[in-house]
Amino acid sequence: MKTAIITGASTGLGLEFVRQLADVFPEVECYWLIARRADRLAQVAESLPDKQVECLALDLCDTMSFVTLQDKLTAERPDVALLINNAGCGYLGNIGETDTASQTRMIDLNLRALTAVTNMVVPFMGPGSCILNVSSIASFCPNPRMTVYSSTKAFVSSFTVGISEELKPKGITATAVCPGPMETEFIHVGGIKGQSKMFEMLPYCDQVKVAGGALRAARAGRTIYTPKLFYKFYRVLAKVTPVKLMVKFAKT
Ligand SMILES: NC(=O)c1ccc[n+]([C@@H]2O[C@H](COP(=O)([O-])OP(=O)(O)OC[C@H]3O[C@@H](n4cnc5c(N)ncnc54)[C@H](OP(=O)(O)O)[C@@H]3O)[C@@H](O)[C@H]2O)c1
């Protein structure tokens, strides 16, 4: 049975991926949904009566969650057609002025967990299967006041390009989606809402459109997908402009 594994499936963009997955990957019959809030995952599962859904209430910042996932993979040997590494967090604040737990949580979730989950799941993927990693426009240039977050997302984009080449002989594709700001819990959890002129100025992306576009980009085997013309232009600008100049205008 074809399986999809989605991290951060309880709300926001992850929930949109779950809602739209069947439109783009109709062959997937089994969903493994991962997030911390079991009650929210159970609600998502109820909305999918035609699918076999397994809810894994895991805190991916806790390395014990890797043991739980590895044990389940080893025991059940799923045929994974799609892995979506979506769980992520981003906290606003200068280095040295914010609590260390928040700064390191971004590394634990956006980077360590994404790497661990990918490494554990790839052995259960075959030719034609897809990895979709959620990066950000923050990966294009360091963003002062969110330097750790933008650095983790630079890793996600770079990691995706690297593994897409590594996994070619196995017939597995890897795609990074790089959205701009979205009106989700993210901006509240990270203390961004109302505290960043940049976030107030930038055009917002609609998570419904981002999820649909990203799923189609993954199906097509694209390596990087940037929703919205405005941010496609930003990506090119960040590529051709010296980073020391660009960073002056990229403050969050
Ligand atoms: N919103 C934006 O402006 C924006 C812009 C660009 C990129 N992104 C990226 O988009 C992705 C999705 O973000 P979103 O906007 O949908 O944010 P969100 O609404 O805050 O959702 C984050 C998801 O990750 C899960 N999660 C958080 N911490 C976790 C942990 N320790 N272990 C397991 N799951 C955890 C959350 O579920 P629980 O709380 O139930 O664990 C939730 O399902 C992230 O990678 C983010 O960096 C967001």
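A residue counts as buried here if 20 or more other C-beta atoms lie within 10 Å of its own. Keep that cut-off in mind for the close-ups below, which all come from a predicted model.

**View 1. Ser135, a buried loop residue.** Ser135 sits in the loop that links β5 (125–134) to α5 (147–166). Ser135 has 28 C-beta neighbours inside 10 Å, so it goes down as buried. Skip the neighbours within four places in sequence, and Ser135 is still in contact with Lys153, Val156, Ser157, Thr160, Ala176, Val177 and Cys178. Arg145 is another matter: it is 10 residues from Ser135 in sequence, and the two C-alpha atoms are 18 Å apart.

**View 2. Helix α5 and what covers it.** With its 20 residues, α5 reaches 28 Å from first C-alpha to last, close to the 28 Å expected at 1.5 Å a residue. Buried residues in α5 include Lys153, Val156, Ser157 and Thr160, and these four also turn up among the contacts of Ser135. Val148, Tyr149, Ser150, Thr152, Ile163 and Ser164 of α5 are buried too. The cover over the buried part of this helix includes α4 (100–121), β5, β6 (173–177) and β7.

**View 3. The open sheet, strand by strand.** Reading across, the 7 strands go β3-β2-β1-β4-β5-β6-β7, with parallel pairing. At the edges are β3 (52–57) and β7 (224–225), each pairing on one side only. Zoom in on β1 (residues 2–7) and β2 (residues 30–35), and you'll find 5 bridges joining them in the parallel sense. Here Ile5 stands opposite Trp32 in β2.

**View 4. Two helices packed on the sheet.** Helix α1 (residues 12–24) touches β1, β2, β4 (79–85) and β5 as it packs on the sheet, and its direction makes about 160 degrees with that of β1. Helix α2 (residues 38–46) lies across β2 and β3, running at about 170 degrees to β3.

**View 5. The shell around the ligand.** Count 31 residues around the ligand, the closest being Gly8, Gly12, Arg36, Arg37 and Gly88. Two elements, α1 and α6 (186–189), are the ones giving two or more residues to this shell.

Conventions:
Residues numbered from 1 in each chain as written. Predicted model: local features only at pLDDT ≥ 70, side-chain atom pairs only at ≥ 80, totals over all residues. Helix = DSSP H or I, 4+ residues; strand = E, 2+ residues; numbered from the N terminus. Buried ≥ 20, exposed ≤ 12 C-beta atoms within 10 Å, placed from the backbone. Contact = placed C-beta atoms within 7 Å. Pairing = 2+ DSSP bridges. Axes fitted to C-alpha atoms, helices over the stretch in contact; angles between N-to-C directions. Near = placed C-beta within 6 Å. Expected span 1.5 Å × (residues − 1).
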